[in-house]
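Trainee: I have not looked at this one before. Can you take me through it?
Mentor: Go ahead and ask.

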Amino acid sequence: SGGVVRPMTKDEIEAAAMADPDAQPLTPEQLARTRPTPRAKIIRRALGLTQEEFSARYHIPLGTLRDWEQGRAQPDQPNRAYLKVIAHDPDGVRKSLQKSRG
């Protein structure tokens with residue numbers, strides 16, 4: 001049947017999603033138990049770096065980075081600001097840190 005594929009409407013997409021047993025919406029209880037993905041992990045993955053590479057490049061202790069990514073610890077205010085700067089200008093931060101070494 002070489003028919004033309006037409007885009008699904010929003011209602012059709014919603015109906016298809018609700019019919020998928022593997023993609024059901026979370027209950028409020030399940031949602032409360034989920035943890036948001038830590039920002040450090042999102043930034044690191046977006047840059048395509050391993051934890052070791054990210055740690056070395058941005059001078060963040062590896063243990064600290066792992067704690068942040070696994071939700072054992074939260075970055076404090078200065079580190080949240082630092083992560084935001086890395087996300088905004090990863091190459092600029094890397095170059096600045098290289099210069100500061102001497």
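Predicted model: local features only at pLDDT ≥ 70, side-chain atom pairs only at ≥ 80, totals over all residues.

Trainee: What share of the residues in the chain is buried?
Mentor: Of the 102 residues in the chain, 18% are buried. Buried means under 20% relative accessible area, exposed means over 50%, and partly exposed is in between, with a 1.4 Å probe and protein chains only.

Trainee: Where is confidence lowest, and where is it highest?
Mentor: Confidence is lowest in helix α2 (residues 28-33), with a mean of 72, and highest in helix α4 (residues 51-58), at 97.

Trainee: How many helices and strands are there?
Mentor: The chain has seven helices and zero strands. Both are DSSP runs numbered from the N terminus: helices are H or I with at least four residues, strands are E with at least two.

Trainee: At what angle do α3 and α5 pack?
Mentor: Helix α3 (residues 39-46) and helix α5 (residues 62-69) pack at about 110°, and their axes are 7 Å apart. That makes α3 roughly perpendicular to α5, a label for angles of 65 to 115 degrees. The axes are lines fitted to C-alpha atoms, for helices over the stretch in contact, and angles run from 0 to 180 degrees between N-to-C directions.

Trainee: Which residues meet there?
Mentor: A40, K41 and R44 in α3 meet L65, W68 and E69 in α5. Contact means heavy atoms within 4.5 Å.

Trainee: Switching to Q51. Is it buried or exposed?
Mentor: Q51 is buried, with a relative accessible area of 16%. Q51 is found in helix α4.

Trainee: What does Q51 touch, leaving aside neighbours within four places in sequence?
Mentor: Q51 is in contact with R44, L62, L65, R66 and E69. Q51 and G63 are twelve residues apart in sequence and 9.6 Å apart in space, C-alpha to C-alpha.

Trainee: What about K84, buried or exposed?
Mentor: K84 is exposed, at a relative accessible area of 53%. K84 lies in helix α6 (residues 77-88). K84 and I43 are 41 residues apart in sequence, and 8.9 Å apart in space from C-alpha to C-alpha.

Trainee: Last one: what is the phi of H59?
Mentor: H59 has a positive phi of about 55°, although H59 is not a glycine. Most residues other than glycine have a negative phi. H59 lies in the loop between α4 and α5, and is partly exposed, with a relative accessible area of 39%.

Definitions and conventions
Residues numbered from 1 in each chain as written. Heavy atoms only, no water. pLDDT = per-residue confidence, 0-100. Parallel < 35°, antiparallel > 145°, perpendicular 65-115°, else oblique.
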